[in-house]
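Please look through the sequence and the model below before reading on. The report is meant to be read with both in view.

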Amino acid sequence: MRILVVGKSRRAGTSKAGKDYDFTILMVEYDMRANDDNSGVQVDRINVSATMMPFALVEVGATYDLDFDRHGYLLGIEKL
């Protein structure tokens, strides 16, 4: 799925259970076509692990290709 990044936010720290976390929340736009007569843009937030792509490498205004599995989990991210 091709997306346009319109914003980003980073969450990092340690949970109450003592587990470390580090991920980026991407605010994105992508085309959503219901049928041949209608087209539009959908906006969503997608969590990306820092191991897939560090916060500093994500560029606002850039286009990326995301791969998801059949359950909707993010498998990979690549800049176009």
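What follows is a report on the confidence, the core, the aromatic rings and the charged pairs of this structure.

The model is a predicted one, in which local features need pLDDT of at least 70 and side-chain atom pairs count only at pLDDT 80 or more, while totals for chains, interfaces and linings use all residues. Residues are numbered from 1 along each chain as its sequence is written, and side-chain values use heavy atoms, with hydrogens and water left out.

**Confidence**

The predictor's confidence in each residue is given as pLDDT, on a scale from 0 to 100. The protein chain has an average pLDDT of 89, and 91% of its residues score at least 70. Strands are DSSP runs of E with at least two residues, numbered from the N terminus; confidence is lowest in S3, with a mean of 90, and highest in S1, at 94. Where pLDDT is low, the predicted coordinates should not be read in detail.

**The nonpolar core**

A nonpolar core is a set of buried Ala, Val, Leu, Ile, Met, Phe, Trp, Tyr and Cys residues joined through side-chain atoms within 4.5 Å. Buried here means under 20% relative accessible area, exposed means over 50%, and partly exposed lies in between, with a 1.4 Å probe and protein chains only. The largest such core has 14 residues, and those with the most contacts inside it are Ile3, Val5, Leu26, Val28, Val48, Tyr64 and Ile77. Two or more residues each come from strands S1 (2-14), S2 (20-31), S3 (41-49), S4 (63-68) and S5 (74-79), and S2 gives the most, with three residues.

Contact means heavy atoms within 4.5 Å. Leaving aside neighbours within four places in sequence, Tyr64 is in contact with residues that include Ile3, Val5, Met53, Leu57 and Ile77.

Thr24 is found in strand S2 and is buried, with a relative accessible area of 1%. With neighbours within four places in sequence again left aside, the contacts of Thr24 include Lys8, Ile46, Val48 and Phe55.

**Rings and a charge**

Rings of Phe, Tyr and Trp (its six-membered ring) pair if their centres lie within 6.5 Å, and planes under 30 degrees apart count as stacked, over 60 as edge-to-face and the rest as tilted. The structure holds one aromatic pair: the ring centres of Tyr21 and Phe23 are 6.3 Å apart and their planes lie at 40°, so the pair is tilted. Tyr21 is partly exposed at 36% relative accessibility, and Phe23 is partly exposed at 25%.

A charge sits over a ring if NZ of Lys or CZ of Arg is within 6 Å of the ring centre and within 35 degrees of the ring normal. The charged end of Lys8 sits over the ring of Phe55, 4.2 Å from its centre.

**Salt bridges**

Side chains of opposite charge can pair when their charged atoms come close. A salt bridge is a side-chain nitrogen of Lys or Arg within 4 Å of a carboxyl oxygen of Asp or Glu, and a search of the whole structure finds two of them.

| Salt bridge | Distance, N to O |
|---|---|
| Asp22 and Arg10 | 2.9 Å |
| Glu59 and Lys79 | 2.8 Å |

Asp22 in strand S2 and Arg10 in strand S1 are 12 residues apart, and their pair links distant parts of the chain. Glu59, in the loop between S3 and S4, and Lys79, in strand S5, are 20 residues apart and likewise link distant parts of the chain.

Technical notes
Helices (H or I, at least four residues) and strands (E, at least two) are DSSP runs, numbered from the N terminus.
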